[in-house]
Amino acid sequence: MKVYISVDIEGITGLVSWSQCSRPDGKSFDYAFARRMMSHDLNAAIRGARAAGATQIVVKDSHGNSKNLLIEDLEPGIELISGHGSGTDGMMMGIDGSFDAAMLVGYHAMAGTLGGIMEHTITGGVHRLWVNGILTGEMGLAAGVAGRYGVPIVTVSSDSAGCREAEALIPGVITTSTKEGFGRYMGRLLHPSETGPAIEKAAHDGLLNLAAVKPHLYSEPAHIKVEFNRAEEADMCARLISISRVDGYSVEGTYPTYQEAHRVVWNLMAMSFIGIDSQA
């Protein structure tokens, strides 16, 4: 059985703020702890997947510049997709129709979710994102990519708010919570000695439940709309061919396939950073 695991960091055990886990640039005072916990949660998922019959596991480092996981710290025998800047499948780069199942480890709730620890959607500049009129976060985007390859998401680990989002999005998915959010940067944390076995069990049970979970598919053509926090972010995005300006903060577009729509979403994120820099 071939399994794909995409790993983010905000939903990982023990973390409540980006000052801990933003990226390896010396500005995150607990970054060494954050990447250690990222490996901890991932390794638990790997063990669970193997216990349920996984024979090949490919891992995608999906946080920030995607150079958080140190391969020497991971369970042996896996393959790691590391680094950032290439490809068109975003946080699911490397997945294809040869995989039997996928898992999302350490993911987080979408922007604006009450009680979601470090809730956001791709960047802090996104206020809301819709796919076909439905509010969507990173879990929805990732599930849509996997779904178009025919691969179901069987397991998600996150905070409690993220788990509720996953369960509403993917009927039958097995979730496990690492923490309960009191707000964006505060929560009640479970000890690694509890989250490790829980994630291992969720991965194991998710694969055993594979037949009950369908790939997540968006209807096509696919429509996207992004509402940014600031007008300058939308200003630059509106330059893209196929994108229409909706209002001061928002842009939208319709595309023949979900894969194309997903690709445009990530291009919009890149353009929005340029827009922010225009005020310099």
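Arg184 is partly exposed, with 31% relative accessible area (buried means under 20%, exposed over 50% and partly exposed in between, using a 1.4 Å probe and protein chains only). Its partner in a salt bridge is Glu119, at 2.9 Å from N to O (a salt bridge is a side-chain nitrogen of Lys or Arg within 4 Å of a carboxyl oxygen of Asp or Glu). This pair links distant parts of the chain, 65 residues apart: Arg184 sits in the loop between β9 (179–183) and β10 (186–189), and Glu119 in the loop between β4 (101–105) and β5 (126–131). Helices (H or I, at least four residues) and strands (E, at least two) are DSSP runs, numbered from the N terminus. Glu119 counts as buried because its relative accessibility is 12%.

The model is predicted, and local features need pLDDT of at least 70, side-chain atom pairs count only at pLDDT 80 or more, while totals for chains, interfaces and linings use all residues. Residues are numbered from 1 along each chain as its sequence is written, and side-chain values use heavy atoms, with hydrogens and water left out.

Side chains of opposite charge can pair when their charged atoms come close. The structure holds eight salt bridges. One of them joins Arg230 to Glu232, at 2.6 Å from N to O. Arg230 is partly exposed at 45% relative accessibility, whereas Glu232 is buried at 17%. Another salt bridge connects Asp235 with Arg245, whose closest N and O atoms are 2.9 Å apart. Asp235 belongs to helix α6 (residues 231–237) and Arg245 to strand β12 (residues 244–245), so this pair ties together parts ten residues apart in sequence. Both partners are partly exposed: Asp235 has a relative accessible area of 42% and Arg245 one of 36%. Finally, Arg47, Glu75 and Glu200 are linked in a network of salt bridges.

Not counting residues up to four places away in sequence, Asp41 touches Ile12, Thr13, Val105, Thr178, Thr195 and Ile199 (contact means heavy atoms within 4.5 Å).

Leu74 lies in the loop between β2 (56–61) and β3 (79–81). With 8% relative accessibility, Leu74 counts as buried. Its contacts, leaving aside neighbours within four places in sequence, are Ser39, Leu42, Asn43, Leu69 and Leu80. The C-alpha atoms of Leu74 and Met236, by contrast, are separated by 40 Å, and the two residues are 162 apart along the chain.
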